[in-house]
Amino acid sequence: FNSQLPTPVALLATASLETLITYSSQSRSAQMAYNVQSPKAAVPLFSIFKLWGPGACFVVLRNFCGMSGIRWFSPPLQQVMK
């Protein structure tokens, strides 16, 4: 995305796409782990076909922050360190 968009917009687009791809599997995995630890208070499993849900905006934010250090902040900091 970075060749067509400014870096912050490309990061947001990439973070959103990564969240859409991985959100359902991450949610289901967390629920399965919880159900193993607390079988008496088991929660219903999240559908693997639901691409967005509770907490997804925070996953986008996490992905954005994780990539911004590499893609956005790294080049200027490398110039300062040279």
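Accessible areas were computed by the Shrake-Rupley method with a 1.4 Å probe, and for residues only the protein chains shown count as cover. On this basis the accessible surface of the chain comes to about 6,000 Å², of which 69% belongs to carbon and sulfur atoms. The structure is a predicted model, in which local features need pLDDT of at least 70 and side-chain atom pairs count only at pLDDT 80 or more, while totals for chains, interfaces and linings use all residues. Residues are numbered from 1 along each chain as its sequence is written, and side-chain values use heavy atoms, with hydrogens and water left out.

The secondary structure of the chain consists of two helices and zero strands, where helices (H or I, at least four residues) and strands (E, at least two) are DSSP runs numbered from the N terminus. The chain has a radius of gyration of 17 Å, well over the 12 Å that the globule rule gives for 82 residues, so it is more spread out than a compact globule. Here the radius of gyration is taken over C-alpha atoms, and the globule rule is 2.2 Å times the number of residues to the power 0.38. The C-alpha trace spans about 55 × 25 × 15 Å along its principal axes. Of the 82 residues in the chain, 23% are buried; buried means under 20% relative accessible area, exposed means over 50%, and partly exposed lies in between (1.4 Å probe, protein chains only). Among contacts (heavy atoms within 4.5 Å) with a separation of 6 or more, 58% are between residues 24 or more positions apart.

In soluble globular proteins, nonpolar side chains tend to be buried together. A nonpolar core is defined as a set of buried Ala, Val, Leu, Ile, Met, Phe, Trp, Tyr and Cys residues joined through side-chain atoms within 4.5 Å. The largest such core in the model has five residues, namely Leu11, Ala15, Val60, Phe64 and Met67. Helices α1 (7-37) and α2 (56-81) are the elements that give two or more residues to this core, and α2 gives the most, with three residues. Phenylalanine 64 is placed in helix α2. With residues up to four places away in sequence not counted, phenylalanine 64 touches Pro8, Leu11, Leu12, Ala15 and Trp72. Under the same exclusion of residues up to four places away, methionine 67 touches Leu11, Thr14, Ala15, Glu18 and Trp72. The C-alpha atom of phenylalanine 64 is separated by 26 Å from that of tyrosine 34, 30 residues apart along the chain.

Tyrosine 34 lies in helix α1 and counts as partly exposed, at 39% relative accessibility. Apart from its neighbours within four places in sequence, tyrosine 34 is in contact with Ala41 and Val43. Tyrosine 34 and leucine 51, 17 residues apart in sequence, have C-alpha atoms 20 Å apart in space. Asparagine 35 is likewise placed in helix α1, but is buried, with a relative accessible area of 17%. Neighbours within four places set aside, the contacts of asparagine 35 are with Ala42, Val43 and Leu45.

Threonine 22 is a further residue of helix α1. The side chain of threonine 22 reaches the backbone oxygen of glutamate 18 at 2.9 Å. A polar contact is a pair of N or O atoms within 3.5 Å; within protein, one must be able to donate a hydrogen and the other to accept it, and residues adjacent in sequence count only if both atoms are side-chain atoms. Threonine 22 and tryptophan 52 are 30 residues apart in sequence, with a C-alpha to C-alpha distance of 9.7 Å.

Serine 47 is found in the loop between α1 and α2 and is partly exposed, at 36% relative accessibility. The C-alpha atoms of serine 47 and serine 27 are 8.9 Å apart, at a sequence distance of 20 residues. A polar atom of the serine 47 side chain lies 3.1 Å from the backbone nitrogen of phenylalanine 49.

The structure holds zero disulfides, a disulfide being a pair of cysteine sulfur atoms within 2.5 Å. The sulfur of cysteine 57 has its closest cysteine sulfur in cysteine 65, at 12 Å, which is too far for a bond. Cysteine 57 is partly exposed, with a relative accessible area of 48%, and cysteine 65 is partly exposed with a relative accessible area of 48%.
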